[in-house]
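Visitor: I am new to this structure. Please show me how to read its features.

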Amino acid sequence: MEKMTVKPLQFACLKWMCAASFILVGSAAMAQSWPTKPIKVIAPYPPGGPSDLVMRTASERIQAILKQPIVIENQPGAGGNIGAAAVARAAPDGYTFLIATDTLLTVNPHVYKSMTFKLDDLKPISVLSSFSQTLVCNPSLGVKNLNELIAKSKTTPLSYASGGAGVPGHLSTELLLNMTGMQMTHIPYKGPAPAMQDVLAGQVPCGLLAGPTVLPHVKSGKLTALAVSGHGRSPTLPDVPTIAEAGVKGYEADFSLILLAPRQVPDDVVNKFRMAVVEALRMPEAAERLKATDQIVIGSTPEEAVVKVNKDFAKWGAVARKIGLSLD
């Protein structure tokens, strides 16, 4: 089956920034009266993930601001594509939104052979939070820092676990291998929890996995944390260096949760919802709760969200092409 190709220039415009002058739905009167009924936010992953946590953390405050219930609906499948397609097809009336990991926009178009929605069917509203991955190894491997792992990988056959093909841990590790010349075989799992269990058991020596998944085991000494993938240190593991600090200059693999809307939702409605969500997440209690799960609240503007998505689209597209990643 021929792999889908993605045109970078088509994505670079995305029509997100151009759409405002062509909005045919809604008016100033609609924005003033909105909302008049419950607002649905689709999380295109199973319950309990970061997107769920962010919206459930913020929902009470959002409801107080907008005076309407927030209904969080999980529609998992196809790396988030199923839920995203549902939002892309939703009426652009401001009552259906999407919260997703940015890989939905920056990775999926490169690796899925077919997608049931177009990127410009959706427009980013805000980068809500950022998070990184934590590189951990079983202590039995005998490495205490990233340089030791790099050296060992060049003399000893090694493997690494991830939560699945195309997930942040997989892409982050492949970027690391590419930048260092390391040799490690990818062992994909159905989620970070089973991946972590096999690293704990020593069946796979290492993994680049979500911070909350590995944190208790790092603190207990059952796993050794070598580095984190982001541009800054983890708030839950402040003594662990970033991969760049550990010696791989220029390395950075941050991931984000992004709030999106159907493309033709009026900007006034979009901004009203964005401001309510960002205000809710910036409340001290909400920010601290997310910090404990290794997420940093961002609350960007739509323009900043588009810049980040475009940048990461190019970066992860190059990684996906190099490793020949293709998903059904």
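Guide: Start with the disulfide that joins Cys137 to Cys206, with the sulfur atoms 2.2 Å apart. The model is predicted, so local features need pLDDT of at least 70 and side-chain atom pairs count only at pLDDT 80 or more, while totals for chains, interfaces and linings use all residues. Residues are numbered from 1 along each chain as its sequence is written, and side-chain values use heavy atoms, with hydrogens and water left out.

Visitor: What is a disulfide, and how many does the structure hold?

Guide: A disulfide is a covalent bond between the sulfur atoms of two cysteines. Here the cut-off is a pair of cysteine sulfur atoms within 2.5 Å. The structure holds one disulfide. The link of Cys137 and Cys206 is right-handed, with 100° about the S-S bond. Cys137 sits in strand E5 (residues 133-137) and Cys206 in strand E8, so distant parts of the chain, 69 residues apart, are linked. Helices (H or I, at least four residues) and strands (E, at least two) are DSSP runs, numbered from the N terminus.

Visitor: Are Cys137 and Cys206 buried or exposed?

Guide: Both Cys137 and Cys206 are buried. Buried means under 20% relative accessible area, exposed means over 50%, and partly exposed lies in between (1.4 Å probe, protein chains only).

Visitor: How do I read an aromatic pair?

Guide: A pair of aromatic rings is described by the distance of the centres and the angle of the planes. Rings of Phe, Tyr and Trp (its six-membered ring) pair if their centres lie within 6.5 Å; planes under 30 degrees apart count as stacked, over 60 as edge-to-face and the rest as tilted. The structure holds five aromatic pairs. One of them, Trp34 with Phe273, is edge-to-face, at 6.2 Å centre to centre and 90° between the planes. Trp34 lies in the loop between helix H2 (28-33) and strand E1 (39-43), and Phe273 lies in helix H11 (residues 267-281), 239 residues apart. Both Trp34 and Phe273 are buried.

Visitor: Which pair is formed by Phe97 and Phe273?

Guide: Phe97 and Phe273 are stacked, at 4.1 Å centre to centre and 20° between the planes. Phe97 is in strand E3 (residues 96-101) and Phe273 in helix H11, so this pair ties together parts 176 residues apart in sequence. Phe97 counts as buried because its relative accessibility is 0%.

Visitor: Which residues form one aromatic cluster?

Guide: Trp34, Tyr95, Phe97 and Phe273 form it. Lys37 lies over the face of Tyr95, 4.8 Å from the ring centre. For such a contact, NZ of Lys or CZ of Arg is within 6 Å of the ring centre and within 35 degrees of the ring normal.

Visitor: What joins Trp34 and Pro35?

Guide: A cis peptide bond, with omega about 0°. Pro35 lies in the loop between H2 and E1.

Visitor: What is phi of Ala78, and where is Ala78 found?

Guide: Phi of Ala78 is near 55°, a positive value in a residue other than glycine. Ala78 is found in the loop between strand E2 (70-74) and helix H4 (81-89). Ala78 has a relative accessible area of 36%, so Ala78 is partly exposed.

Visitor: And what about phi of Asp294?

Guide: Phi of Asp294 is near 75°, again a positive value in a residue other than glycine. Asp294 is found in the loop between helix H12 (284-291) and strand E11 (296-297). Asp294 counts as buried because its relative accessibility is 4%.
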